[in-house]
Amino acid sequence: MTILVIAEHDNKVLAPATLNTVAAAAKIGGDIHVLVAGQGAGPVAEAAAKIAGVSKVLNADNAAYAHQLPENVAPLVAELGKNYSHILAAATSNGKNILPRVAAALDVDQISEIISVESADTFKRPIYAGNAIATVQSTAAIKVITVRATGFDPVATEGGSAAVEAVGAAHDASTSSFISEELAKSDRPELTAAKIVVSGGRGMQNGDNFKHLYALADKLGAAVGASRAAVDAGFVPNDMQVGQTGKIVAPQLYIAVGISGAIQHLAGMKDSKVIVAINKDEEAPIFQVADYGLVADLFEAVPELEKLV
Amino acid sequence: MKVLVAVKRVVDYNVKVRVKADNSGVDLANVKMSMNPFCEIAVEEAVRLKEKGVATEIVVVSIGPTTAQEQLRTALALGADRAILVESAEDLTSLAVAKLLKAVVDKEQPQLVILGKQAIDSDNNQTGQMLAALSGYGQGTFASKVEVSGDSVAVTREIDGGAQTVSLKLPAIVTTDLRLNEPRYASLPNIMKAKKKPLEVLTPDALGVSTASTNKTLKVEAPAARSAGVKVKSVAELVEKLKNEAKVI
């Protein structure tokens with residue numbers, strides 16, 4: 001059995017989610033190869049070669065792969081993937097965009113967002129916004145799978161010494177082209193990788209009030225998230241959204257401030273180790289999952305909390 | 001141009017689902033069913049394209065049980081012109097659905113196909129991408145903005161770090177994200193009118209598509225329950241517990 005893991009990167013840096021994906025591959029067992037498809041992504045391929053447990057890195061360097069356009073990357077993965085028993089990618093926006101296209105090209109069903117490996121062909125994944133866990137078996141010759149990063153502890157970034165092999169294959173479907181990208185800038189830790197997450201909801205009332213959460217987050221070294229209500233109301237950008245349709249987080253500590261706790265929000269954070277809820281409505285559903293609940297006005301409680309930690 | 005919209009009948013997003021005692025699935029008997037929220041956004045986008053004069057005809061398609069006709073009628077009441085139901089009683093995988101949609105695309109030849117980014121029951125997020133692969137079209141997934149100009153469409157996509165804009169040659173596949181638009185409600189006169197709009201019923205056999213699957217669900221369980229927490233009385237007590245009891249700060 002040989003497993004192909006698709007590296008998540010921006011042509012410069014290997015994204016941490018790749019390490020969780022390699023961890024899932026290690027649980028399946030077998031040789032692990034990593035594919036870096038990009039343009040001028042040499043440093044990423046070198047970083048991938050050092051990952052513990054990786055035995056080979058395939059570096060496909062071509063202008064067509066520069067922006068991870070699925071029309072170009074998916075045929076490459078499908079072509080290389082024919083020699084593998086499993087093809088894995090992180091369930092990031094890139095992985096979700098590319099992998100189903102690969103599965104269809106190989107004419108196999110895909111398994112999305114696995115949270116555990118039961119055996120080489122059987123996996124667990126959440127359905128219905130995390131309200132049920134399905135155990136799914138695949139009889140496909142090539143198993144195409146996306147991995148929920150929070151379900152697996154990352155493997156070490158050092159310790160491997162894989163050979164890097166250049167892949168010449170160029171696929172350019174010319175059905176799509178990249179126009180522009182607008183990335184939100186932040187000095188705080190990345191939401192999906194942070195040990196502590198502080199999130200605000202509709203109770204924050206406006207975007208300006210998020211400064212209270214930023215102050216608290218900076219003191220704790222935490223990332224800041226938000227509920228859909230806060231994003232839809234325009235308080236914060238949408239890449240901060242935690243939930244079924246946003247990001248899935250599982251930090252050591254999740255502090256929910258002014259968030260009622262709708263099913264869709266809980267789907268994104270209920271695997272956090274410790275959950276704290278601060279809400280003035282003591283009937284809010286968030287208190288049913290919170291380890292520590294504080295019924296209080298957030299505008300008094302959050303500044304006080306910032307002073308005391 | 002012709003726009004094809006795919007909609008799915010799913011358990012209503014407000015329902016708290018329960019796992020069956022025999023672990024064969026979730027209990028959907030007597031549970032409220034609705035159109036998948038992302039599909040509502042897809043229908044709304046198509047209707048807006050028609051109102052702008054970009055789209056000339058909206059065909060809405062659903063694959064599922066006979067009762068999915070209710071969701072197709074809803075889409076017709078929202079502004080779709082006609083509907084197609086591919087009737088199948090089984091639970092189909094995303095690949096099977098994508099193959100059936102490909103057959104419908106071949107038949108209808110739409111310039112744009114709009115789907116939701118994921119269904120809130122299976123949470124797969126696969127069908128649109130798979131349909132794009134099978135048809136060889138470009139894909140604009142997780143769209144928050146769609147602008148058709150000439151023979152291409154510019155799609156702004158929600159990605160992990162922010163937003164990305166790509167240009168796709170038509171025909172193309174677009175999947176909707178939450179922020180693409182705010183779906184409208186169907187008015188009573190439109191619901192009455194929708195009853196008279198054409199609804200064609202097909203079968204996978206008639207489309208010549210095999211729905212065999214390589215995935216098998218062995219069991220469905222309830223997630224591990226969290227143990228009940230405590231309510232603290234003050235911020236000081238909260239900090240004390242986080243430091244000494246939970247040891248997370």
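Predicted model: local features only at pLDDT ≥ 70, side-chain atom pairs only at ≥ 80, totals over all residues.
Reader: Does A:Lys96 count as buried or exposed?
Author: The relative accessibility of A:Lys96 is 17%, and the limit for this class is under 20%. Because its 17% falls within that class, A:Lys96 counts as buried.

Reader: In what order do the six strands of the open sheet stand?
Author: The sheet has strands from chain A and one end strand written as β13(B), and the pairing is parallel. β13 (223–226) of chain A and β13 (230–232) of chain B each have a single partner strand, so they stand at the edges with one side left without a neighbour in the sheet. On average, neighbouring strands are turned by 20° against each other, direction ignored. Read across, the order is β13(A)-β12(A)-β14(A)-β15(A)-β16(A)-β13(B).

Reader: Which residue of β13(B) stands opposite A:Gly293?
Author: Strand β16 of chain A, residues 292–295, runs parallel to β13(B) and is joined to that strand by three bridges. Opposite A:Gly293, the residue in β13(B) is B:Lys231.

Reader: At about what angle does helix α7 of chain B run to β16(A)?
Author: Helix α8 of chain A, residues 298–308, packs on the sheet by touching β14, β15 and β16 of chain A, and its direction makes about 135° with that of β15(A). Helix α7 of chain B, residues 235–244, lies across β14, β15 and β16 of chain A together with β13 of chain B. Its angle to β16(A) is about 170°.

Reader: Which three residues supply 11% of the area that chain B buries against chain A?
Author: The two chains bury about 6,700 Å² between them, 52% of it on carbon and sulfur atoms, and 77 residues of chain B are in contact with 82 residues of chain A. Of the area that chain B buries against chain A, 11% comes from three residues, more than any other three supply. These are B:Asp160, B:Thr214 and B:Arg226.

Reader: How far apart are the closest N and O atoms in the salt bridge of A:Lys124 with B:Glu221?
Author: Between chain B and chain A there are four salt bridges, and 52 residue pairs are in polar contact. For the salt bridge that A:Lys124 forms with B:Glu221, the distance between the closest N and O atoms is 3.4 Å.

Reader: Which residue of chain B is A:Asp271 in contact with?
Author: A:Asp271 is found in the loop between α7 (263–266) and β15 of chain A, and at 55% relative accessibility A:Asp271 counts as exposed. Leaving aside neighbours within four places in sequence, its contacts are one residue of chain A, A:Ala250, and one of chain B, B:Arg226.

Reader: What share of the residues in chain B is buried?
Author: Chain B has seven helices and 13 strands, and its C-alpha trace spans about 65 × 45 × 40 Å along its principal axes. Among contacts in chain B with a separation of 6 or more, 69% are between residues 24 or more positions apart. Of the 249 residues in chain B, the buried share is 53%.

Notes: Residues numbered from 1 in each chain as written. Chains lettered and ligands numbered in written order. Heavy atoms only, no water. Buried < 20%, exposed > 50% of the residue type's maximum accessible area, 1.4 Å probe, protein only. Pairing = 2+ DSSP bridges. Helix = DSSP H or I, 4+ residues; strand = E, 2+ residues; numbered from the N terminus. Axes fitted to C-alpha atoms, helices over the stretch in contact; angles between N-to-C directions. Contact = heavy atoms within 4.5 Å. Buried area = accessible area lost by both parts, 1.4 Å probe. Salt bridge = Lys/Arg side-chain N within 4 Å of Asp/Glu carboxyl O. Polar contact = N/O pair within 3.5 Å; in protein donor to acceptor, adjacent residues only side chain to side chain.
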